[in-house]
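Let's take a friendly look at how one part of this chain packs, and at where some caution is in order. Please have the sequence and the structure open beside you.

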Amino acid sequence: MRIESVTAHAFGPLHDRTLPLAPGLTVVSGVNESAKSSWHAAIRAALCGEPSSRHRPWTGESWRVAAMVSLESGEVVAVDRDLNDDASPDISLRLGLDRTSFAATACVDQAQLLTVLDAANGLQDHLRRAAATAGTDGTVEQALQRLTAPVDALRDARNRLREAETDLTAARREHARYLELSTQARSAAAARARLAVQEHGASLDALSARVTRLSELQERFGDSPPSGLAAQEELTQVVNRALAAWRAAPTPRALTGPSAAALEAELRALPDFPVGETALDEELRVVASAYATASAVAAAHNERRPSPRTTAEPSVLRGLATRLDPAAGARLTTASIDVDTARGHQDEAAACAARTQVEADVAATRVQEIAVPNPFLRNALLALSCLTSMVGVLLFLTGQQLAAIGVLVAALVAGVGGAMSRGNAAQREIAIAFAADRATAAAQARSVLFTADRTLAEAEGQRAVAVEAARVHDSAVAECASLGVPADRETLWRLANRPAWEAEHADLVSEVARTEKAIRVELAARGKVDAAMPVPDLLVDYETDCKVRARQALMAAHRPQLSQTLADRRQAEATVAEATAAHTRALVLLHEAVTAIGRTGERPEDLLRAIAEWQRGWDDLLREAEAERKAWAELQSLLASGTLDDLEATLSAAQTHHATLLEAALRYAACAPVDPSLAASADSLAATVAEMARSLPSVAEAEEAVQVAAAALAEVTAEVEAIDLASRYLTAAREKVHSTIAPALEDTLRTWLPAITDGRYVDAAVDPSTLTVRVCAASESWHQAAHLSLGTAEQIYLLLRVALAQHLASEPCPLLLDDVTVQADDSRTRALLDLLLQLSADRQIVLFAQEASVVEWAQERLGERDVLHQLMPVAA
C-alpha cells in the first residue's frame, strides 16, 4: 500500500494544506512549531481515524482530513474523514491490520520513543504491546479483556449474598431486641403498678393522720379560740422600742486635731497671691544664657591674643612657621644611626659573599680535578673476567689443569681491574654535591649583599634629607631671633593671623554688647531698671525677687486646701453633736422602759441587764402562747378543707381505690422485683414495642433470600471457572504467537543491527516468553537492550517496529516515523538513514525530522523515488 498525498482541511494548526508523499522515502523537515507532529498525526488519522483531541483545529469547529491511497492490487482509495462524525472505513484493514495494530507497528511518534527512553523496561513493554495487536478481527489481549466481565457479576453475586446474610443477621437481631424490649416493657408496667400502690398507700396514711389530728384538736378547743397576752403586749412594745433606739444610736467619737476656730484663725493669717513673676521667664533665661555664652567666648578669645607685637609681614611669619621643624635634629640623628648600621651590615654581607664565592670556586676546581670514571672500561673488564672464568672452567673439566689455572688467574685480574675502575665515582659525586651546595650559598650571599647595598643607599638618602631639613630649621630660627619673635610655629601662625583675630574679637565684643542690651530691655519690661548696676548683679537681684514671690505664692496656694479642711472639721463637729443627742435620747428611753417593768438602774449596763432578766421570764410565757396559737391555726387549716365528716368520707373512698390498685398489682406478681425508676418509661417502652411489632422484619423471609443469593453465586462461580479455563487457552495461544514472532525479530535484528551500530553490536536474541531483547557486542558480551544508551535503545526499537510491520502486514506497509534520530550521533544517524533508504525500495517510508544533518543527508542521497519537504513555521 502507498499513500499518494494527505490533505489537512482542518487539523491542529493546518488548514487546507496538502502534503504529497513519494513512493520511496519522504523526508519532512522543519524547525519546532512547523507542524511536523501535526502532519504525522494527520496521516495516521486519515488512514485509521480516532486522533487525539489535542489535534483539534485551532480555529473553527470543522475537523477534517483526506488522503489518496494506492493498494498493491492497483486499486486507488480516496478517504475524506469528518473527524467530528467519522463514518469512513479503517484503511489499515486492507493491510491485514486494524487501527490499533497499525499504530503499534507502522506508526512511531515522539511520545512512544520518549516512553522507551525514559522507562527501563519500555522497550520490552512496547514490543509486547505491538505483538499483541497482530490480527484483523481482534487480538488475544482484547479477548482476555472481554473475558473479565463475568468477574463483575461474580463480585455482584458475592455482594448480594453478603447483603442477604447481613439482612438475616439484622432480622434476627431485631427479633431478639423485640423480645428484650417486650420483657422490659412488662417489667416497667409492673414497677409502675407497684409504685402506684406505694404512693397511694402513703397518701392514705397521711389522710388517716389528718382525720385523727382534726378529731383531737376539736376535742381540745371546741369552737372557742385560746386566750392571748394582750395586756402584756403594750409593755413589750415599750421595751422593744427602747432597745431598738439604743442599738441604733451611734456612739459619739472624740475628735483630734485643730478645732474649727483654730483653722479659721490660720486661714485669716494666710497672705494674698503675689503680683509678678514667680520664676525666671524662659525668654529672659535664653537671653541671659546667650549673654553668658558671648561673655565667656569673648574672654576666652582675649586670652589667645597674639603676642609679642612685631612689624614683620604676615607672609614672612607664615614662611618662617612653615620652615620651622623642631624634629629635624632628632631625624638627623636617627638617619645617621641608620646609615652606620646599614654600612656595618653591608660590610658583613660583602665579606660573607667573598668567602662563599671562594669556597664555591675551590669546590668547582676540586670537581674538575677528580677524573670521570669510564663505565665502558669497567663493563668490558667485568665481561672479560666472566668469559675467561667460563673458559678456565671448561679447561679444568677437559683435564687441562695448568691452562685452566692460568686462565682463571687472568679472569681474576680482569675482575679486580673492573671493580677498581669505579673507585673515584663516589668521591666525585660527593664533590659535585658539595660544589652545588657552595654555589647555592654563594648565590644567597650575593642576594644578601645586594639587599644590604640597597638598604645603605636608602639610609644615606634619608640622612641627606634630614641634613637639609635641619639646615632649613636652623636658618629659620636665626631669622626669628633677628626679628625678635619666638621660634615657635603656633606663635608665628597666631602673629601672622593677628588682623583676623582682632576682627573676630571685635565681633565677639559687639555680640556681648548686643546681648547685654537685650537683657536690660527684658528686665525693664518686667519693672527692673538700674543703669548703674552691672547686668550679672541685676539678673541676680531679679531672680531673688522671683524666689520671694514664689514663696508667697506657695503659702497663698494653701488657702483652698485649708478652706476644705475647715469645712470638713465643721461637718465632723456637727456629726458628733448629732450622735451625742441621739445617744442621750436612747438612754432616756432605756430609763423609761426599766421603770415600766418595775426595775431600777443608772448606768446603761445596769439598765440593759434588768431588761434582759425581764425578757427571759417573758419568753417562756410567749412560747406557751405561741404553741396554743399554732394549734388553733392548724385546726382552722384542717377545717378549711372540710369538716370531720367530709374527711372521713374521703378516707373511705381512698381505701376503696387502694384495694383496686392492689388488685392491679397482683397481675404482675410473677415478675421479679425491678427498679422503681423503670415506672417512668413504661408508656414509652410500650409504644416502642408496638412500633417494632408493626415494622419487625421476617426471619423466615431473610433466610429464604440467603438461599436464593447462594444459588445465584454458585451459578456465577461456575461461569467464572469456565471463563478462567478459556483464558488459560487464550494465554497459551498468545505465547505461541510470541514464539512465532520472536525468530522473525531476531533475523531482522541480526541483518540490520551491525550496519546501524557501525559494527558495535553483531547479534541479537528475543525471549519468546517475555519478548525481552538482548544484543551481543563485537566482544561477544550480551546486554539487555533496555540498559543500553538512549540512542542505541531508540534504534533497536525502530528496527523492531519495522520487523513487526514486515511480519504482520499482508502487503508492504507504509512506515510513519516522527523524530526517530534525535538520540543518535552523526555516524549512526547516517547509517540509520541509509537503512531507511534501503528499506524504502519495497515499502513507503515517511520520516519527520528536525536535525540539519538529516536535511544535508537527504539533499545528498535521495533519488527519483524520494522527496524532501522543508516546512516553514506555522502562524501563531
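## Around Phe11

Phe11 is buried, with a relative accessible area of 0% (buried is under 20%, exposed over 50% and partly exposed in between, with a 1.4 Å probe and protein chains only). This is a predicted model: local features need pLDDT of at least 70, side-chain atom pairs count only at pLDDT 80 or more, and totals for chains, interfaces and linings use all residues. Residues are numbered from 1 along each chain as its sequence is written, and side-chain values use heavy atoms, with hydrogens and water left out.

What does Phe11 touch? Beyond its neighbours within four places in sequence, Phe11 has contacts (heavy atoms within 4.5 Å) that include Ser38, Ala41, Pro51, His55, Trp63 and Leu83.

Trp63 is buried as well, at 5% relative accessibility. Phe11 and Trp63 form a tilted aromatic pair, 6.5 Å centre to centre with 35 degrees between the planes. Ring centres (the six-membered ring for Trp) must lie within 6.5 Å to pair; planes under 30 degrees apart count as stacked, over 60 as edge-to-face and the rest as tilted.

Phe11 is also among the residues with the most contacts inside the largest nonpolar core, which has 78 residues. Such a core joins buried Ala, Val, Leu, Ile, Met, Phe, Trp, Tyr and Cys residues through side-chain atoms within 4.5 Å.

## Confidence

The protein chain averages a pLDDT of 78 (the predictor's confidence in each residue, from 0 to 100).

| Stretch | pLDDT | Contacts beyond four places in sequence |
|---|---|---|
| residues 113-129 | under 50 | 37 contacts |
| residues 131-138 | under 50 | 21 contacts |

Where pLDDT is low, the predicted coordinates should not be read in detail.
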